[in-house]
Structures are given as structure tokens and as C-alpha cells.
Amino acid sequence: MATICFSSPLMEKDITVYAIAGDTHSVLKLAKKNKIPLPFECEDGECGSCVIKVTSLDDKPRMAHALSEKERRTLVAEGLITKQELKDAEVNDLPPTYRLACQFIPRDENILVQFSGEPGVGFK
């Protein structure tokens, strides 16, 4: 089971939700289901409005589905992923810090998901 703690200046307090291991719902779908005010527009990985910062709360290496082509293009275009992070994601299967909530499917891990509340604005 994945434990996801959402944190944002838009929220009075952090909200923790649980995702069942093997579930293929994105972080955005989990946020919507739990009425978390994560901004989004296209829901398809092209606009970058749902950018999130993902931090592991475990002592084990981070997991996640690989970057989709749309997500990779959007993160590169927005300057939210370094060349080294891109290489690590593609070659070493290490997920980058910034993801798109509509594309990011959590695995069996405990993570902190931070978002600014402004579409496309991450935590730099």
C-alpha cells in the first residue's frame, strides 16, 4: 500500500491518503477523489499545470512508473528536470524529483507530494 501525504500552501493542513498496491490511478486521480485542491488543466501530460515535487518518506530507493514521453517533454520544456535526472530516469530507472500528477502512478512506497497551488509552478 502506498501512503501519500499531500502538502500545499492552499491547504490548512497536510492530508494523507492511501493507494492500494497494484492500483493504476495517478496521483491526480487520488487527489481529485480525496478533494485535494491540486491544480490541473489537460489531465494528459501536455500542459504541466499539475507539476508536483515528490519526496520519499522511506529509507528505501524511490520507485515509480517510468516517465511517459509527454511527461518527459513537458518537464524538460519547463526546466523542471536536469540532464542528469533525465539520464538517471532513463538509464538507471530512478524517478526525478518533479513529476506531473496526471502521469505519476505511485507504487508501494510512502511519499510526500508537494504542490504550490498555482498551475505549472513547482518548488524550485
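This is a predicted model: local features need pLDDT of at least 70, side-chain atom pairs count only at pLDDT 80 or more; totals for chains, interfaces and linings use all residues.
Cys5 stands opposite Thr16 in β2.

With β2, β1 runs antiparallel, and five bridges join them. With β5, residues 110–114, β1 runs parallel, again through five bridges. How many of the six residues of β1 are buried? Five, which leaves the strand mostly covered.

Next, the end of that strand. Ser8 sits in the loop between β1, residues 2–7, and β2, residues 15–19. Is Ser8 buried or exposed? Its relative accessibility is 7%, and the cut-off for buried is under 20%, so Ser8 counts as buried. What does its side chain reach? The backbone oxygen of Phe115, at 3.0 Å. If we set aside neighbours within four places in sequence, Ser8 is in contact with Phe115, Ser116 and Gly117.

Phe115 comes up again with Leu38. Leu38 belongs to the loop between α1, residues 27–33, and β3, residues 51–56. Leu38 has a relative accessible area of 4% and is therefore buried. Which residues is Leu38 in contact with, leaving aside those within four places in sequence? They are Phe6, Val27, Leu28, Ala31, Cys50, Ile52, Ala101 and Phe115. For a distance across the model, take Leu38 and His65: 27 residues apart along the chain, with C-alpha atoms separated by 20 Å.

How many disulfides does a search of the whole structure find? Cys47 is in no disulfide, and the nearest cysteine sulfur, that of Cys42, is 3.6 Å away. As for accessibility, Cys47 is at 30%, so it counts as partly exposed.

Then there is Cys102. The cut-off for a disulfide is sulfur atoms within 2.5 Å. Cys102 is buried, with a relative accessible area of 13%. Cys50, you will recall, is among the contacts of Leu38.

To recap: β1 is joined to β2 antiparallel and to β5 parallel. Ser8 reaches the backbone oxygen of Phe115, and Leu38 is in contact with Phe115 too.

Definitions and conventions. Residues are numbered from 1 along each chain as its sequence is written. Side-chain values use heavy atoms; hydrogens and water are left out. Helices (H or I, at least four residues) and strands (E, at least two) are DSSP runs, numbered from the N terminus. Buried means under 20% relative accessible area, exposed over 50%, partly exposed in between (1.4 Å probe, protein chains only). A polar contact is a pair of N or O atoms within 3.5 Å; within protein, one must be able to donate a hydrogen and the other to accept it, and residues adjacent in sequence count only if both atoms are side-chain atoms. Contact means heavy atoms within 4.5 Å. Two strands pair if DSSP finds at least two bridges between them.
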